[in-house]
Amino acid sequence: MSLVLREVRYRYAGSARAALDGIDLILEPGTVLGVVGANEAGKSTLCLVAAGLAPATIGGRLEGTVTIDDLATSSARPHDLAQRCGILFQNPATQLSGTAATVWEEVAFAPRNLGLPLDEIVDRVESALAALRIEHLAERDPQRLSGGQAQLVALAGVLVLRPRYLVLDEPTSQLDPLGTRLVGEALTGLVEATGAGILVVEHKTDLLAGLAATIAVLAGGRVALSGPATDILADDALEALGVEPPSRVRLERAARHAGVSLPAAV
Amino acid sequence: MLGVIVGSATAARIGRAFVPYLLATIPLIASILLVNTFLYPGATDRIVVLGPIAPTWTGLEAATQAALRVVAFAMSVALLGLTTSADHLVADLERRGAGRRLIFVVGSTLRMVPRMIERAVEITEAQRARGLDTEGHAWRRVRGIVPLAGPLIFGALTDVEELTMALEARGFSAPVRRTAIRTFPDSPGQRIARWVIGVGALALLALSIGGRLAGLP
């Protein structure tokens, strides 16, 4: 039982070049898989394919197989996958439905679509807001939020479906350090509490260092490096692949270069 | 119809709020009155002769009918806008079992307008920061619209694609009835009034089609 990509090749409609070119990845429940890479490496495309939205909603050609708990995404419709795999996009403005009067109703959008009973919707919405500590936003207009607040609301709108897997495309791109830490804590808590598997694309390797157990580095639509997070984030090849190592790794390198020994606590 | 609108507006205590809407119809009504009263084709029953032009009773009657229709239409739209928020309209449509696509189109359209305006302002400010002149002479303003239109339209189209994917991922196409979360008070009096207005409108429509009200506004 896991989210599995086998020999996945994906080409956007009208494009001659494959955005993903032979991807093999496994996301186990209860683990966090970090994905990093330079721009145009295929990270966002990987998110769409893993969540079953490509090619189902945007067309294109998919080769290989993507399965979510043994259900092939090619044989399921997106709404069938909604409670199995949630996805969060970079831009919260397009993640929000644009039809809700309050944040509470925005978060309730997805479970309402699935026709869940009202008392269950109330319970789920309250839990999702509490998980991200944004209960105070419940009565606010979703169109009048800051970028960071909107991102947290968008994430709550995904968490509310309690999917077994989460695909997050740069969930902290619009968040300040405090918001970033909050999301990191919420995701860690989510994994511990629900056993969800999370695939998270992130440029902030400091966040991944404390969150992900494994890391995959994409380059040109392929997995260039993958393995335990501590090994990959300290790999000398990381910078050449367009990824900045975490601050701890950079500090250690700088200290080593200067001949300074750091205390073990660093 | 005007009687129904006035009665509804009085019950809702929004009489004063109608004034700007009424004022907004003045240019259109003035042009209707002038054109019809003075230039009604084939009318010979002159009210008075003013040199080369002469207003006619037939033209004045036609102008009055048309003007009343314009006022009734404008006031009915104003009545809806003043008494019903977009959120309540969408929620009530939903409660009555309207399709989720119709509800989404209505709801998102009503909420999209202010967002598009905000985006236009942002793009204008960005273009101005790069030295584009968007003020002053009318021709300069027209030229300023061209670089604004591209980002606004293409940005909106890109948004639509992402929004579509996000909606699908949130179960928008699920083939079940959407859970309603709002209810509105609906007294017996309101229900009776709605039925009376609806049946009355249909009766008037039938009579009008039958020609019995041909001479009335």
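This is a predicted model: local features need pLDDT of at least 70, side-chain atom pairs count only at pLDDT 80 or more; totals for chains, interfaces and linings use all residues.
**Entry 1. The six-stranded sheet of chain A**

I began with the sheet of 6 strands in chain A, which is open and has mixed pairing. I read the strand order as 6-7-8-3-9-10. I then looked up the edges: strand 6 (85–88) and strand 10 (222–228) of chain A each pair on one side only. From one strand to the next, I noted an average twist of 15°.

Strand 3 (residues 32–37) and strand 9 (residues 214–219) of chain A run parallel and are joined by 5 bridges. For A:G37 I found the bridge partner A:L218 in strand 9 of chain A.

**Entry 2. The four-stranded sheet of chain A**

I next turned to an open sheet of 4 strands in chain A, with the order 2-1-4-5 and antiparallel pairing. Its edge strands, each pairing on one side only, are strand 2 (20–27) and strand 5 (71–72) of chain A. I recorded 7 bridges between strand 1 (residues 3–11) and strand 4 (residues 61–68) of chain A, and these two strands run antiparallel. A:Y10 has A:L62 of strand 4 of chain A as its bridge partner.

**Entry 3. Helix 1 of chain A**

Which strands does helix 1 (residues 43–50) of chain A lie across? I found that helix 1 of chain A lies across strand 3, strand 6, strand 7 (165–169), strand 8 (197–201) and strand 9 of chain A. Its direction is at about 155° to strand 7 of chain A. I also found helix 1 of chain A lying across strand 1, strand 2 and strand 4 of chain A, at about 120° to strand 1 of chain A.

**Entry 4. Two backbone details in chain A**

As background, most residues other than glycine have a negative phi, and most peptide bonds are trans. I noted a cis peptide bond between A:A54 and A:P55, with omega of about 5°. I placed A:P55 in the loop between helix 1 and strand 4 of chain A. A:D70, a residue other than glycine, has a positive phi near 70°. I located A:D70 in the loop between strand 4 and strand 5 of chain A.

**Entry 5. Domains of chain B**

I moved to chain B, which is divided into domain 1 (2–83), domain 2 (88–169) and domain 3 (186–217). Taken over C-alpha atoms, the centres of domain 1 and domain 3 of chain B are 21 Å apart.

**Entry 6. Helix 3 against helix 4 of chain B**

I looked up how helix 3 (residues 26–39) and helix 4 (residues 57–83) of chain B pack: their axes come within 7 Å and cross at roughly 160°. Helix 3 of chain B is therefore roughly antiparallel to helix 4 of chain B, the cut-off for that term being an angle over 145 degrees. The crossing of these two helices of chain B is right-handed.

**Entry 7. Helix 1 against helix 4 of chain B**

I then examined helix 1 (residues 2–11) of chain B, which packs against helix 4 of chain B at an angle of about 30°, with the axes 10 Å apart. Helix 1 of chain B is therefore roughly parallel to helix 4 of chain B, since angles under 35 degrees count as such. The crossing of helix 1 and helix 4 of chain B is left-handed.

In the contact I found B:L2, B:I5, B:S8 and B:A9 of helix 1 of chain B, with B:L68, B:V71, B:A72, B:M75, B:S76 and B:L79 of helix 4 of chain B. The residues of this contact divide into 8 nonpolar, 2 polar and no charged.

**Entry 8. The contact of chain A with chain B**

How many residues does each chain give to the contact? I noted 31 residues from chain A and 28 residues from chain B. On the side of chain A, the elements giving two or more residues are helix 2 (78–81), strand 6, helix 3 (92–95), helix 5 (109–113) and helix 6 (118–131) of chain A. Helix 5 of chain A gives the largest share of that side, 4 residues. I recorded 15 nonpolar, 13 polar and 3 charged residues on the side of chain A that touches chain B.

Methods
Residues are numbered from 1 along each chain as its sequence is written. Chains are lettered from A and ligands numbered from 1 in the order in which they are written. Two strands pair if DSSP finds at least two bridges between them. Axes are lines fitted to C-alpha atoms, for helices over the stretch in contact, and angles run from 0 to 180 degrees between N-to-C directions. Two residues are in contact if their C-beta atoms, placed from the backbone, lie within 7 Å. Angles under 35 degrees count as roughly parallel, over 145 as roughly antiparallel, 65 to 115 as roughly perpendicular and the rest as oblique. A crossing is left-handed if the near helix is turned anticlockwise from the far one by less than a right angle, and right-handed if clockwise. Domain bounds come from an automatic or database domain assignment. Ala, Val, Leu, Ile, Met, Phe, Trp, Tyr, Cys and Pro count as nonpolar, Asp, Glu, Lys and Arg as charged, and the others, Gly among them, as polar.
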